[in-house]
Amino acid sequence: MIPRVLSIAGTDPTGGAGIQADLKSISAFGGFGMAAVTALVAQNTRGVREVHVPPTEFLRAQLRAVSDDVVIDAVKIGMLGSAEVVAVVSAWLAEVRPPVVVLDPVMIATSGDRLLDADAEAAVRDLCRLADLVTPNLPELAVLVDEPVATDWDTAVRQARSLATRTDAAILLKGGHLRSADSPDAIVYATGIHPVPGRRVDTPHTHGTGCSLSSAMATLAAHGLDWSAALERAKPWLTGALEHAAGLRVGRGNGPIDHFHELRPHLDLGSSWSSAAWTEAAPVRADVDDCAFVRGLASGDLDRAAFTWYLGQDLLYLREYARVLARAAALAPSTEEQRFWASASASCLAEEARLHESHVDATGLEPAADTTAYTDHLHAVSASGSYAVLVAAVLPCFVLYTDIGARWRGTFAPDHAYADWLTAYGDEVFAASSTEASRIADAAARAASPTVRSLMSAAYARSMQLELAFFEAPLSA
């Protein structure tokens, strides 16, 4: 089932908070987002400029329009603004009784200013009793329990437990306002607590964090997760959204979080980065095809001494290439990619051993200038610490040999002088590895900034040029 989740909140025309943030969070977790507007807010990443509150009758009409037609699986409530608006929402909840209600009690501005008058604050306290989960920040929690703002975790837990006891709702306690190196959260009940540890992200781009987490929790609950499991899933997502926030480059103040950071690497935008890089390298690839060494290898007329020299240099290259692939494994962001690069590194070492044992005497073997140039390039990229650029640099060795092998497959007789080598070029297992390496490079490119993508393209192009030089070197030598 795709959860149908309704956000009842104010707007943010820059898209970072309010219903715009809610809809993004709902979508990020596979829900279908809907929205009823409580207030039209003229704001940006620097602050609020003006608020227009439509007549409460219009809010009532919005809510009825949704519930008269759509089965609602969860409701997330954000900015309400007045006791009259709270009353409309409360009456609608009592009538419709959605299965999941999450209340984010927007009561305190980032500046610390109170956003509601005393009547509205009292109305929000009453509304908490209609919620399944309440998600205040620490200043809002203090208002709800009528105490000073908590400055330590134990006090915050006590206040959250007090609110849970009064309202019979679960409380999402957020430790982001505490002055500590970490940033824990917890689901607090009247009778217990489920803490979820987390690291603090050093970023000013936190606009809409509370809205986004609350709507994520509502969507996960609509999927069937209990509150503890929902927080276990939502918290690492939010941490990643904060870590990727700067890359959005939205606004000149406190920018929004990146709601879709988990999904963006998997987007298929048609022409992939690796396809574009391959097309850009067409002149170099044509020079490889026209290279005397490659033509001689394909025809079988290649001088055996030149081939043996090439194998020796390839052995030395593979030793260093294996080290670079191991470095890619160390930098990889996921276990899946770590395993891929580690396996590729091991395959290089196995191929080196095969060459050493069956074709080449490595005793006293020294790298040629073109071999050193290539391995120095790869090691320099490796030392830069950029996973995306390193993946781009190692990719040509995969895709160029796979392309040559695919075009040579089935074109030579069994008694061809270099049949075993041409067959190895067309190995289907290596072709599959080449496809996976391209997929990983495309994911890295989608997640990278324009500057990093430019560096990826430069590293890829340099590796292609060095592949050509590597093929030209045996006959030159």
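Me: Which residues of α10 meet which residues of α18?
Reply: On the α10 side there are Val284, Arg285, Asp287 and Val288, and they meet Met464, Gln465, Leu468 and Phe471 in α18. Contact here means heavy atoms within 4.5 Å. Bear in mind that this is a predicted model, where local features need pLDDT of at least 70, side-chain atom pairs count only at pLDDT 80 or more, and totals for chains, interfaces and linings use all residues. Residues are numbered from 1 along each chain as its sequence is written, and side-chain values use heavy atoms, with hydrogens and water left out.

Me: What makes α10 roughly parallel to α18?
Reply: Helix α10 (residues 282-290) and helix α18 (residues 450-476) pack at about 10°, with axes 10 Å apart. The axes are lines fitted to C-alpha atoms, for helices over the stretch in contact, and the angle runs from 0 to 180 degrees between N-to-C directions. Under 35 degrees is roughly parallel, over 145 roughly antiparallel, 65 to 115 roughly perpendicular, and the rest oblique. So α10 counts as roughly parallel to α18.

Me: What makes a stretch a helix or a strand here?
Reply: Both are DSSP runs, numbered from the N terminus: helices are H or I with at least four residues, strands are E with at least two. The protein has 18 helices and nine strands.

Me: Why is the aromatic pair of Phe307 and Tyr310 called stacked?
Reply: Rings of Phe, Tyr and Trp (its six-membered ring) pair if their centres lie within 6.5 Å; planes under 30 degrees apart are stacked, over 60 edge-to-face, and the rest tilted. The search of the whole structure turns up 16 aromatic pairs. In this one, Phe307 and Tyr310 sit 6.3 Å centre to centre with 25° between the planes, which makes the pair stacked. They are three residues apart in helix α12 (residues 304-331), so about one helical turn separates them.

Me: How do you know whether Phe307 and Tyr310 are buried or exposed?
Reply: Buried means under 20% relative accessible area, exposed over 50%, and partly exposed in between (1.4 Å probe, protein chains only). Phe307 has 2%, so it is buried, and Tyr310 is buried too, at 1%.

Me: And why is the pair of Tyr321 and Phe398 tilted?
Reply: The ring centres of Tyr321 and Phe398 are 6.5 Å apart and their planes are at 55°, so tilted is the word. Tyr321 lies in helix α12 and Phe398 in helix α15 (residues 387-408), so the pair ties together parts 77 residues apart in sequence. Tyr321 is buried at 2%, and Phe398 is buried at 4%.

Me: What about Arg233: why is it called partly exposed?
Reply: Its relative accessible area is 33%, so Arg233 falls in the partly exposed class. Arg233 is in helix α8 (residues 227-243). Leaving aside neighbours within four places in sequence, Arg233 is in contact with Phe29, Leu220 and Glu262.

Me: And why does Gly296 count as buried?
Reply: Gly296 has a relative accessible area of 10%, so buried it is. Gly296 is in helix α11 (residues 292-299), and Gly296 touches Asp301 and Leu302, not counting residues up to four places away in sequence.

Me: What makes the phi of Arg97 worth a look?
Reply: Most residues other than glycine have a negative phi. Arg97 has a positive one, near 50°. Arg97 lies in the loop between α3 (83-96) and β5 (101-103), and at 65% relative accessibility Arg97 counts as exposed. Arg249 also has a positive phi, of about 55°, although it is not a glycine. Arg249 sits in the loop between α8 and α9 (273-280) and is exposed at 62%.

Me: How does the radius of gyration of the protein sit against that of a compact globule?
Reply: The protein has 30 Å, whereas a compact globule of 477 residues would be near 23 Å. The radius is taken over C-alpha atoms, and the globule rule is 2.2 Å times the number of residues to the power 0.38. Along its principal axes, the C-alpha trace spans about 90 × 45 × 40 Å.
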